[in-house]
Amino acid sequence: MRYTGLINHYRDRLPVDDSTKLISLGEGNTPLIQLENIPALLNKNVDIYIKYEGLNPTGSFKDRGMTMAVTKAVESGSKAIICASTGNTSAAAAAYAARAGIKAFVLIPEGKIALGKLAQAMIHGAVIIQIKGNFDDGMRLVKEVADHAPVSIVNSINPFRLQGQKTAAFEIVEELGDAPDYHCLPVGNAGNISAHWMGYKEYFDDRKAGKKPKMVGYQAAGAAPFVKGAMVDNPDTVATAIRIGHPQSWDLAHKVETESNGWFDSLTDEEILSAQKLLTEQEGIFCEPASATSLAGAMRDINNGKIAEGSTIVCTLTGHGLKDPDTAISQCTDEMININPVMDEVRDAILNNM
Ligand SMILES: *Cc1c(COP(=O)(O)O)cnc(C)c1O
């Protein structure tokens, strides 16, 4: 049967009925790729799988939540949606609003949004409101304005977002035949880690999985409220997607940590970028900086034994590398080779660089 998006696929487990008009771009059903070269480099006996959420229609996992949020907004008669965003939510909101024929308003922090994401919001025709402030300011404003204007909030405080996002856990259990031992994710607002936990619990309760994973949330050191145990007022990191100091799912995520026996930890920008590069060079998988936080953390905790040998680990790669070309290029120090258009010079370029 033709795959027509995650709501249709999991409609029995989602809050829709037969009369609901689905707003879908075929999201979900993303590849689970086993790493081959990095475990060998670590010299540890572990199975690491990458859930490549960058292959969703707009290039991030936000599509899983947005298909649900926009479907429900349209069902309730809403003509406009609004979100604050570090970039990917605005890209997804813009695309799904276009699909639904409604208006999208996106609040983004001035100058702190990756180029690809900005291009998406613009080309899909969202109304872009740039604020002299950060994501947390934008989130506060969105909550305030929703009482004064006819717009539906599609940030992850919208419960339908998490419903859509929990389906990633279903897919993983189905592919592996059970839940993994550990599931590592980058954490910003902590909606996604909470949604995954909901999904794993649901499958465990319905005996579709024999166990539940330990949930491990990794943050950027400059934006690590869960590690500090307190909100952070001026978050800063190269991983702009998780440049969040006041997470919206604070309580939910703490419940996830306790219930799953997991933990939070943080990584420096250097560690994040070097994991991003390692993944591209060793495995051929390109994710955006924030996404690499999950792998960077997993590698560290595999090395120090916190994640035991013999474990099965899933790392979510939340967004595609093409989202942030500037950061990617700025990491590549090898110079290009400039030649004249003659065979000898091409040959020399090859032979000198084998
Ligand atoms: C939104 C986002 C995150 C953070 O997800 P939360 O649900 O806010 O914790 C991480 N990585 C990328 C690429 C994102 O777009």
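**Helix packing and overall build of the predicted model**

Residues are numbered from 1 along each chain as its sequence is written, and side-chain values use heavy atoms, with hydrogens and water left out.

Two packed helices are described by the angle between their axes and the distance between the axes. Here, the axes of H3 (residues 62-75) and H4 (residues 88-100) come within 9 Å and cross at roughly 45°. The axes are lines fitted to C-alpha atoms, for helices over the stretch in contact, and angles between N-to-C directions run from 0 to 180 degrees. H3 and H4 are therefore oblique to each other (under 35 degrees is roughly parallel, over 145 roughly antiparallel, 65 to 115 roughly perpendicular, and the rest oblique).

On the H3 side, Lys-62, Asp-63, Met-66, Thr-67, Val-70 and Val-74 meet Asn-88, Thr-89, Ala-92, Ala-93, Tyr-96 and Ala-100 of H4, contact being heavy atoms within 4.5 Å. Sorted by class, this contact has seven nonpolar, three polar and two charged residues (Ala, Val, Leu, Ile, Met, Phe, Trp, Tyr, Cys and Pro are nonpolar; Asp, Glu, Lys and Arg are charged; the others, Gly among them, are polar).

Zooming out, the protein has 15 helices and 10 strands, taken as DSSP runs numbered from the N terminus (helices: H or I, at least four residues; strands: E, at least two). Its radius of gyration is 20 Å, close to the 20 Å that the globule rule gives for 354 residues, so the protein is as compact as a globular protein of that length. That radius is taken over C-alpha atoms, and the rule is 2.2 Å times the number of residues to the power 0.38. Of the 354 residues, 55% are buried (under 20% relative accessible area; exposed is over 50%, partly exposed in between, with a 1.4 Å probe and protein chains only). Among contacts between residues at least 6 apart in sequence, 71% join residues at least 24 apart.

Then there are two asparagines with positive phi. Asn-29, with phi near 55°, lies in the loop between H1 (6-9) and S1 (32-34) and is partly exposed at 48% relative accessible area. Asn-43, with phi near 60°, sits in the loop between H2 (38-42) and S2 (47-52) and counts as exposed at 66%.

Technical notes
This is a predicted model: local features need pLDDT of at least 70, side-chain atom pairs count only at pLDDT 80 or more; totals for chains, interfaces and linings use all residues.
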